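Here's a walk through some strand pairings and charged contacts. Have the sequence and the model open side by side as you read.

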Amino acid sequence: MGLKDVEVGHRNETGIATVIGVLRQRLGDQLQTGETLRAQHAHTTTYIPGQLPDAVVFPESAEDVAMIVRACADHQVPVIPFGVGTSLEGHVNAPHGGISIDMGRMNKVLEINAEDLDCTVEPGVTREQLNSDLRDTGLFFPIDPGANATIGGMTATRASGTNAVRYGTMRDNVIAVTAVTASGAEIRTARRARKSSAGYDLTRLFVGSEGTLGVITSVTLRLQGIPQAISGGVCPFPSVEAACNAVIMTIQMGVPVARIELLDALQMKACNAYSKLSNPETPALFLEFHGTDAGVAEQAAMFAEIAAECGGGEFLWTTNAERRTELWKARHNAYWAALQLRPGAKGISTDVCVPISRLAECVSQTQADIASAGLIAPIVGHAGDGNFHVLVLLDPEIAAEVDAAEAFVERLNTRALAMDGTCTGEHGIGQGKRSYLTQEMGEGVSVMRQIKHALDPFNIMNPGKVFAFED
């Protein structure tokens with residue numbers, strides 16, 4: 001896990017200096033080299049150490065991006081795209097140095113086609129900004145990874161989140177992108193038509209590419225109608241296994257749940273303390289249903305029956321927006337609440353995803369592993385699609401703690417892969433999960449590497465991420 005894949009690569013010092021001079025001359029104050037700003041563009045929200053770029057540039061148009069990439073290509077200097085820095089696996093680090101391209105100023109909603117239920121945005125638009133702009137149309141963009149991430153970053157990392165069980169992930173909701181490739185040319189991967197048999201599916205190639213194939217300059221997205229009614233609730237369970245069994249039964253019975261989130265007992269304890277709540281400190285499921293008034297009531301009643309059959313307690317649900325917000329407060333603050341279990345600690349936030357039928361088994365075995373290793377590691381998950389997260393709290397200055405945490409994460413990934421799952425349901429590979437990608441995909445990684453070589457022969461696009469270029 002993590003640290004063994006965080007390498008310090010070769011630096012092209014002459015090329016970097018030349019490119020900084022060229023870009024400063026062409027862009028003026030849009031290029032900055034202050035150490036504090038560079039450190040902000042290498043930070044990771046986990047224990048992986050930052051690796052600073054040599055400069056940060058703020059393009060304001062696709063033409064700016066193309067010019068920046070061409071300058072870097074001419075001198076073989078790395079390019080690291082940056083959204084708002086919410087990624088968890090070292091995606092924005094610069095192991096070879098180079099230029100961080102901050103897309104924050106490219107934040108326009110370019111087009112809303114309400115009749116076609118789609119829109120096109122620049123990559124620096126955040127999901128909250130987009131939904132604010134969409135509110136008067138009666139539409140919304142459903143993908144919610146928790147953080148107020150940019151649409152470009154969410155596309156690059158193939159994000160998902162709490163609504164994925166009903167609305168899918170970014171893979172399912174991106175219609176097309178435009179991107180500047182390593183040659184400095186801007187390409188468009190598709191039109192707005194809802195289906196096409198025209199050639200290779202380049203859109204899916206760029207969704208999840210983590211900045212290693214190009215810099216995304218616009219994204220065309222599917223939209224959904226805002227539901228007439230939303231109901232939400234919380235249900236306690238005697239064990240994580242019982243809660244997972246309720247999830248499995250809910251999905252297999254076809255209950256159209258929009259969100260179904262799992263918190264273990266430790267996470268509930270942390271959330272109660274952080275958010276000043278009084279929920280039972282047992283494993284729990286947080287649920288949300290979208291539809292008509294009658295539909296959401298029927299769905300809530302169906303789940304209550306399932307929960308009772310699995311040994312769950314009373315399912316408290318409501319359609320009142322303020323009350324739903326109160327019920328969901330624990331889930332929304334889960335990350336920050338967990339950090340308070342050990343003030344001053346860093347967290348390894350790692351995720352896996354397994355077939356839904358194996359969820360209870362995988363989570364139960366993971367809990368036993370945590371206890372055996374003596375770790376503090378609450379569990380929270382997007383249980384409706386078999387995806388769960390473990391936040392391992394540690395002191396990165398204590399080598400024994402880092403070793404124990406990394407050994408646990410390795411066992412967690414091995415466990416998920418043995419159940420025909422994946423090493424990452426939504427965090428991506430970045431630097432932290434490179435070795436697990438090879439275990440999961442085998443010779444498929446060789447095909448990925450060939451694509452990378454073809455599109456980026458000099459390895460300037462976010463090098464050191466997904467896999468080592470030389471391997």
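## Around strand β4

Val57 has Ile101 of β4 as its bridge partner. Strands here are DSSP runs of E with at least two residues, helices are runs of H or I with at least four, and both are numbered from the N terminus. Two strands count as paired once DSSP finds at least two bridges between them. Strand β3 (residues 79-82) also pairs with β4 in the parallel sense, this time over four bridges, and there Ile80 sits opposite Ser100.

Which way do the side chains of β4 (residues 99-102) point? Ile99 and Ile101 go one way, Ser100 and Asp102 go the other, and all of them are buried. Buried means under 20% relative accessible area, exposed means over 50%, and partly exposed is in between (1.4 Å probe, protein chains only). In a regular strand, side chains alternate between the two faces of the sheet.

## A quick note on the model

This is a predicted model, so to speak of local features we need pLDDT of at least 70, and side-chain atom pairs count only at pLDDT 80 or more, while totals for chains, interfaces and linings use all residues. Residues are numbered from 1 along each chain as its sequence is written, and side-chain values use heavy atoms, with hydrogens and water left out.

## The five-stranded sheet

Now for an open sheet of five strands, in the order β5-β6-β10-β8-β9, with antiparallel pairing. The edges are taken by β5 (109-113) and β9 (186-188); each has a single partner strand, so one side of each has no neighbour in the sheet. On average, neighbouring strands are turned by 15° against each other, direction ignored.

Helix α3 (residues 62-74) touches β8 (174-181), β9 and β10 (214-222), and its direction makes about 45° with that of β8. Helix α4 (residues 127-134) touches β5, β6 and β10, and its direction makes about 45° with that of β5. Contact means heavy atoms within 4.5 Å. Axes are lines fitted to C-alpha atoms, for helices over the stretch in contact, with angles from 0 to 180 degrees between N-to-C directions.

## Salt bridges

How many salt bridges does the structure hold? There are 20, each being a side-chain nitrogen of Lys or Arg within 4 Å of a carboxyl oxygen of Asp or Glu. Side chains of opposite charge can pair when their charged atoms come close.

Take Glu13 and Arg11, whose closest N and O atoms are 2.7 Å apart. Glu13 is partly exposed at 47% relative accessible area, and Arg11 is partly exposed at 29%. Glu288 and Arg259 also form a salt bridge, with the closest N and O atoms 3.0 Å apart. Glu288 lies in strand β14 (residues 284-291) and Arg259 in strand β13 (residues 257-263), so this pair ties together parts 29 residues apart in sequence. Glu288 is buried at 6%, and Arg259 is buried at 12%.

Arg331 and Glu261 make another bridge, at 2.8 Å between the closest N and O atoms. Arg331 is in helix α12 (residues 321-332) and Glu261 in strand β13, so the parts tied together are 70 residues apart in sequence. Both Arg331 and Glu261 are buried. Finally, salt bridges with shared partners join Arg127, Glu128, Asp144, Arg259, Glu288 and Arg324 into one network.
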